[in-house]
Amino acid sequence: VKASVLRPKPVGLTTTSQPKVFYYTPTFTLQRDVYDANGKLLYPKGTTVNPMDNKTYPQQIRQYHIQLPKWQGHFIFLNGDDTQQLNWAFKMMDKLDKAHAQYKFVLINGNIKDSSELLQSRVYFDQYGNLSSRFGIKHVPSIVTQSGVRFKIQEFDVSHESIRLAKHNDESIGNVKNIKNIKSTKEVSNV
């Protein structure tokens, strides 16, 4: 049980040498009528709403002038067992830190504890691929950011990154325990 908590079942995403940028709009459509406690129809079946766009809200809700939150951060999806992706992540962290941007790491494979120590950051895991599936992510690393009333998903090519773990913030990455599980995709494909 402890092993599956530290290393959940991997999500089957691959790297790419032809990165793309695409968008996801989080709309949903009511599958049935919604009634209030008195049986009065509130929203008919087929009503489509984008939670990030209050212009799509039914009139009954729009009257409240809801202020929608906007998160200026980034969700960084990556494979914690791939040294090339980790090296890319170190560079991306430096870039985002210099811009004072917020970000969260979401693993699709790898040991949560080891990856958290390597990245010196809290790390989340995409359990059962729910997030990557929802966003339509097919390749990692990818960054998801809010762009107006939709999400922008940007894939990255890491084939040019070293297959040896680099140094980050003047600390040798090789000093982290249990590093033996981390391999480059090139090493894995040669096995």
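1. In this predicted model, strand β6 (residues 74-79) and strand β7 (residues 103-109) are joined by six bridges and run in the parallel sense. Within this pairing, Phe75 has Lys104 of β7 as its bridge partner. Between β6 and β7 the chain passes through helix α3 (residues 83-98), and this β-α-β crossover is right-handed.

2. β6 also pairs with strand β9 (residues 142-147), here in the antiparallel sense and over four bridges. Phe75 stands opposite Val144 in β9, and Phe77 has Ser142 of β9 as its bridge partner. As background, strands of a sheet pair through backbone hydrogen bonds, and the sense can be parallel or antiparallel.

3. How much of β6 is buried? Five of its six residues are, so the strand is largely enclosed by the rest of the structure.

4. The model has six aromatic pairs. One of them joins Tyr24 and Phe151: the ring centres are 6.4 Å apart and the planes are at 15°, so the pair counts as stacked, the cut-off for that being under 30 degrees. Tyr24 belongs to strand β1 (residues 21-24) and Phe151 to strand β10 (residues 150-155), so the contact ties together parts 127 residues apart in sequence. Tyr24 and Phe151 are both buried.

5. Trp88 and Phe156 form a tilted aromatic pair, with 4.9 Å from centre to centre and 45° between the planes. Trp88 is in helix α3 and Phe156 in the loop between β10 and α6 (185-190), so this pair too links distant parts of the chain, 68 residues apart. Both Trp88 and Phe156 are buried.

6. Which residues do ring pairs link into a cluster? They are Tyr24, Phe77, Phe135 and Phe151.

7. A charged side chain also meets a ring: Arg150 lies over the face of Tyr23, 3.7 Å from the ring centre.

Definitions and conventions: Residues numbered from 1 in each chain as written. Predicted model: local features only at pLDDT ≥ 70, side-chain atom pairs only at ≥ 80, totals over all residues. Heavy atoms only, no water. Buried < 20%, exposed > 50% of the residue type's maximum accessible area, 1.4 Å probe, protein only. Helix = DSSP H or I, 4+ residues; strand = E, 2+ residues; numbered from the N terminus. Pairing = 2+ DSSP bridges. Right-handed = clockwise from strand over helix to strand, strands pointing away. Phe/Tyr/Trp six-rings, centres within 6.5 Å; stacked < 30°, edge-to-face > 60°. Lys NZ or Arg CZ within 6 Å of the ring centre and 35° of its normal.
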